[in-house]
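This report describes one protein chain, going from its overall form to a single residue. Please look at the sequence and the model before reading on.

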Amino acid sequence: DCNGNGIGDPIDVAQATSLDCNGDSIPDECQVPPLGNTFVDCNSNLVPDSCEVADPFNDCDGNQIPDDCDPDCNGNSVADACDISGGGSLDTNGDTIPDECQ
């Protein structure tokens with residue numbers, strides 16, 4: 001019972017009281033800090049980053065970091081690198097920072 005909720009980990013997962021995105025029968029929240037150190041959770045949403053980037057819509061630049069953890073200098077909820085590659089912003093000097101952010 002890694003999360004201390006009184007329900008054994010495999011039952012937590014089977015009853016969907018906890019998510020297990022990687023299918024290892026250990027609830028996700030037990031594998032990211034502060035309960036665990038197995039996975040990185042850059043946005044502190046209790047889902048390991050590796051599971052978030054498995055969704056192609058959450059890693060538009062393919063850098064294995066969820067888009068909501070990538071830099072977004074203009075606050076438009078699109079990672080800077082994706083803004084540039086998608087044509088939403090220009091990067092005339094090639095430094096991967098949209099021109100409007102400089």
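## Overall form

The protein chain has a radius of gyration of 17 Å, whereas a compact globule of 102 residues would have one near 13 Å. That radius is taken over C-alpha atoms, and the globule rule is 2.2 Å times the number of residues to the power 0.38. Along the principal axes, the C-alpha atoms fill a box of roughly 55 × 20 × 20 Å.

This is a predicted model, in which local features need pLDDT of at least 70 and side-chain atom pairs count only at pLDDT 80 or more, while totals for chains, interfaces and linings use all residues. Residues are numbered from 1 along each chain as its sequence is written, and side-chain values use heavy atoms, with hydrogens and water left out.

## Secondary structure and burial

The chain has 3 helices and 0 strands, in the order α-α-α along the sequence. Helices (H or I, at least four residues) and strands (E, at least two) are DSSP runs, numbered from the N terminus.

Of the 102 residues, 29% are buried, where buried means under 20% relative accessible area, exposed over 50% and partly exposed in between (1.4 Å probe, protein chains only).

## Residue D67

D67 sits in the loop between α2 (49-52) and α3 (80-85). D67 is buried, with a relative accessible area of 15%. Leaving aside residues up to four places away in sequence, D67 touches F57, N58, D59, C60, D61, A79 and C82; contact means heavy atoms within 4.5 Å.
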